[in-house]
Amino acid sequence: VTAIGKNAFKKSKGKLKSVVIGKNVRTISANAFNGCKKLEKITVKSKVLKTVGKNAIKGISKKAVIRVPKTKQKAYKKKFTKRTGFRKTMKIRKF
């Protein structure tokens with residue numbers, strides 16, 4: 001898997017609480033997790049993530065934690081922006 005498609009998990013009826021994004025994923029498309037209100041934990045194992053689409057994480061838990069590889073924390077902070085749905089109450093942590 002190299003991409004998470006457009007609208008892939010959009011409004012998944014609150015069943016999605018955590019997600020692990022694999023090592024080869026390069027793209028998280030627009031609206032991929034839009035409206036997943038209970039999604040609190042996203043772990044990005046990929047070190048080759050190039051783009052995060054518009055509103056990809058809009059509407060997820062306000063206190064969500066996005067865990068990223070230690071060597072990519074700075075670069076990924078620039079990818080998860082207000083445009084993607086990132087809020088100030090969310091955190092990007094390294095592992």
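In what order do the four strands of the open sheet with parallel pairing stand? The order is β2-β4-β6-β7. The model described here is a predicted one. A second open sheet, of three strands, has the order β1-β3-β5.

**The four-stranded sheet**

- The strands of the β2-β4-β6-β7 sheet pair in the parallel sense.
- Strands β2 and β7 each have a single partner strand, so one side of each has no neighbour in the sheet.
- From one strand to the next, the twist averages 15 degrees.
- Strand β4, residues 41–44, runs parallel to β6 and is joined to β6 by three bridges.

**Strand β6 in detail**

- Strand β6 covers residues 65–68.
- Which residues of β6 make up its covered face? They are Ile-66 and Val-68, while Val-65 and Arg-67 are on the uncovered face.
- As a general point, side chains in a regular strand alternate between the two faces of the sheet.
- Val-65 is the bridge partner of Lys-41, and in β7 the bridge partner of Val-65 is Lys-91.
- Val-68 stands opposite Lys-94 of β7.
- Together with helix α1 (residues 73–79) and β7, strand β6 makes a β-α-β unit, and this unit is right-handed.

**The three-stranded sheet**

- The β1-β3-β5 sheet is also open, and its pairing is parallel.
- Its edge strands are β1 and β5, each of which pairs on one side only.
- Two bridges link β3 and β5, again in the parallel sense.
- Across this pairing, Thr-27 stands opposite Thr-51, a residue of β5.

**The nonpolar core**

- How many residues belong to the largest nonpolar core? The core has 25 residues.
- The members that touch the most other members are Ile-21, Ile-28, Phe-33, Ile-57, Ile-60, Ile-66 and Phe-80.
- Strands β2 (18–21), β4 and β6 each supply at least two residues of this core.
- In soluble globular proteins in general, nonpolar side chains tend to be buried together.
- Leaving aside neighbours within four places in sequence, Ile-21 is in contact with Ile-4, Ile-28, Phe-33, Ile-42, Thr-43, Val-44, Lys-45 and Ser-46.

**The aromatic pair**

- The model has one aromatic pair.
- Why does the pair of Phe-9 and Phe-33 count as stacked? The ring centres are 5.4 Å apart and the planes are at 5 degrees, and planes under 30 degrees apart count as stacked.
- Phe-9 lies in the loop between β1 (3–4) and β2, and Phe-33 in the loop between β3 (27–28) and β4, so the pair ties together parts that are 24 residues apart in sequence.
- Is Phe-33 buried or exposed? Phe-33 has a relative accessible area of 1% and is buried, because buried means under 20%.
- Phe-9 is partly exposed, with a relative accessible area of 36%.

**Residues in the loops**

- Asn-7 is not a glycine, yet its phi is positive, at about 60 degrees.
- Asn-7 lies in the loop between β1 and β2 and is partly exposed, with 35% relative accessible area.
- Asn-31, in the loop between β3 and β4, also has a positive phi of about 60 degrees without being a glycine.
- Asn-31 counts as buried, at 16% relative accessibility.
- In general, most residues other than glycine have a negative phi.
- Where is Ser-61 placed? Ser-61 is in the loop between β5 (51–52) and β6.
- The relative accessibility of Ser-61 is 12%, so Ser-61 counts as buried.
- Apart from neighbours within four places in sequence, Ser-61 is in contact with Cys-36, Lys-37, Leu-39, Glu-40 and Met-90.

Note on methods: Residues numbered from 1 in each chain as written. Predicted model: local features only at pLDDT ≥ 70, side-chain atom pairs only at ≥ 80, totals over all residues. Heavy atoms only, no water. Buried < 20%, exposed > 50% of the residue type's maximum accessible area, 1.4 Å probe, protein only. Pairing = 2+ DSSP bridges. Right-handed = clockwise from strand over helix to strand, strands pointing away. Core = buried A, V, L, I, M, F, W, Y, C linked by side-chain atoms within 4.5 Å. Contact = heavy atoms within 4.5 Å. Phe/Tyr/Trp six-rings, centres within 6.5 Å; stacked < 30°, edge-to-face > 60°. Axes fitted to C-alpha atoms, helices over the stretch in contact; angles between N-to-C directions.
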